[in-house]
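Subject: Structure for your reading

Dear colleague,

Please find the structure below. I would be grateful if you read the notes that follow with the sequence and the model side by side.

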Amino acid sequence: MRGFTDTAIACATMVALGCGAWLLRSGTEHDAPPQPSAAQAHTRSGPEVPAGVPALPPSPPERVRIPSIRVNAPFTVLGLTPTGGLGVPPATKENLVGWYEAGATPGETGTAIVAGHVDTADGPAVFYRLGALTKGARVEVERRDGTVAVFSVDAVEVYDAHAFPDEKVYGAADRPELRLITCGGGYSKRTGYRGNVVVFAHLTGVRERPSGAAR
Amino acid sequence: MRHTPRPVASRLSAGAALAVVTAGLTVGLTVGPAYGAETAEREDTRAGRLEVYPTNVVPGAEVTVGTVACGADGTAEGDASSVGADAFALAPGTPPGNTTGRFRVPPSAQPGTYEIVARCSRDGAEVAGDVVVRLTGAGEPTHPRGSVKTGVGGALGPDPVKTAAGVAALAVAAAGGTWLLHRRVRGEAI
């Protein structure tokens, strides 16, 4: 009986030691969100990107899916802040993206602007892995009219907040384009994230949303 | 969003078709129909349009319109009732050949695209252009400016809950280890 108790205590001790070490390590590590490499930036002669397809009529987005970084999130709408900046989704919702309502809808001609948090106060959020996207990756946007607009990533860039290229990111486009924006570019306790990760994509496919699809 | 009292396309396309046919007959003989159609369309877009400046406005803004459709020293009546503005007059303006006028978008105007029409006094010809009313930012199409605050650093730095749990687990391990060591020191086999 005593031997059994001793063995149990020895086992519990080992388990507690292992758990404690793991918890301490993962609880204190400083894991920054992934950032795009230079290879993902805009290039004049990059790999062949799929050709665009004709634009869709306007229809608001309802859900975004990015299979390669396991994003699957509903939309809210965004406006402008009093200083003219892009609004953001509520800071407490980690799995929610925002669409700039005054701009183009995803799939119609123009620049559709989508923003999501990289993290909330509690940890990683919907666009935590946005910087890990690579050229050619697929981004799907389900729209209210029952279509799914499929975009291909053209570039993933990171910009400093002090040198943010407004026109390039938000400016008009003559084909259906999409921007996915989140925070990035390094972090300091005093100033927060130094800039933004921006994904540039254009429409390369359209399909019907299967009726009764799991949401 | 688009408030158009009359369809623009049909009126313009009738004019365009006529111009294309005319140009096709005259120019087409020498240069070919494609070139003729192109030229006619280009001329038609200038002659058949009411230029609106600025195109994107906020409620309460003053808008200038102009056209070359009414000829030299032409005058015209302006109709901006679609956006809720009073009728206004267009008079010969600059550069020569232009007929220009101004109106004010009512402060109560709702966002949207509105058709503004001018009717030439000379021959009753109508030209139209669109003004886009937005609630924020005049001038260029409204788009956001600057970077976006989409993170607070919550994914970085220590997680207090995990850290506390880790410390507690290590304390348990220490207690267990101590107990076992004591047994050993006292010479009792494990």
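In chain A, strand β1 and strand β2 (residues 71-78) pair in the antiparallel sense over four bridges. Here helices (H or I, at least four residues) and strands (E, at least two) are DSSP runs, numbered from the N terminus, and two strands pair if DSSP finds at least two bridges between them. One bridge joins A:I66 to its partner A:V71 in β2(A). The two strands form a hairpin with four residues between them, and A:R70 in the turn has a positive phi of about 55°.

Before going further, please note how the model is to be read. It is a predicted model, in which local features need pLDDT of at least 70 and side-chain atom pairs count only at pLDDT 80 or more, while totals for chains, interfaces and linings use all residues. Residues are numbered from 1 along each chain as its sequence is written, and chains are lettered from A and ligands numbered from 1 in the order in which they are written.

On its other pairing, β1(A) (residues 61-66) meets strand β7 (residues 138-143) of chain A in the antiparallel sense, again over four bridges. There A:P61 has A:R143 as its bridge partner. Strand β2(A) also pairs with strand β3 (residues 97-100) of chain A, in the parallel sense and over four bridges; A:F75 stands opposite A:V97 in that pairing.

These pairings belong to a barrel that eight strands of chain A close in the order β1-β2-β3-β4-β9-β10-β8-β7, with mixed pairing. The twist averages 35° from one strand to the next, where axes are lines fitted to C-alpha atoms, for helices over the stretch in contact, and angles run from 0 to 180 degrees between N-to-C directions.

Overall, chain A has two helices and ten strands, arranged along the sequence as α-β-β-β-β-β-β-β-β-α-β-β. Of its 215 residues, 35% count as buried. A residue is buried if 20 or more other C-beta atoms lie within 10 Å of its own, exposed if 12 or fewer, and partly exposed in between, with C-beta atoms placed from the backbone.

**Two residues of chain A**

Is A:F127 buried or exposed? A:F127 is buried, because 31 other C-beta atoms lie within 10 Å. This residue is found in the loop between β6 and β7 of chain A. Its C-alpha atom is separated by 8.8 Å from that of A:I69, 58 residues apart along the chain. Leaving aside neighbours within four places in sequence, A:F127 is in contact with residues including A:G116, A:L180 and B:T150; two residues are in contact if their C-beta atoms, placed from the backbone, lie within 7 Å.

A:I9 lies in helix α1 of chain A. It counts as partly exposed because it has 17 C-beta neighbours inside 10 Å. Leaving aside neighbours within four places in sequence, A:I9 is in contact with B:G176, B:W179 and B:L180.

**Where the chains meet**

The contact between the chains takes 54 residues from chain A and 34 residues from chain B. The largest share of the side of chain A that touches chain B, 14 residues, comes from α1(A). By class, this side has 31 nonpolar, 18 polar and five charged residues. Ala, Val, Leu, Ile, Met, Phe, Trp, Tyr, Cys and Pro count as nonpolar, Asp, Glu, Lys and Arg as charged, and the others, Gly among them, as polar.

**Chain B and confidence**

Chain B has three helices and nine strands, and buried residues make up 26% of its 190 residues. Its helix α3 (residues 160-185) has 26 residues and reaches 37 Å from its first C-alpha to its last, close to the 38 Å expected at 1.5 Å a residue; the expected span is 1.5 Å times one less than the number of residues. In α3(B), B:G166, B:A169, B:A173 and B:G176 are buried.

Chain B averages a pLDDT of 73, pLDDT being the predictor's confidence in each residue, from 0 to 100. Over residues 4-44 of chain B, pLDDT stays under 50. Where pLDDT is low, the predicted coordinates should not be read in detail. The model scores ipTM 0.75 and pTM 0.57.
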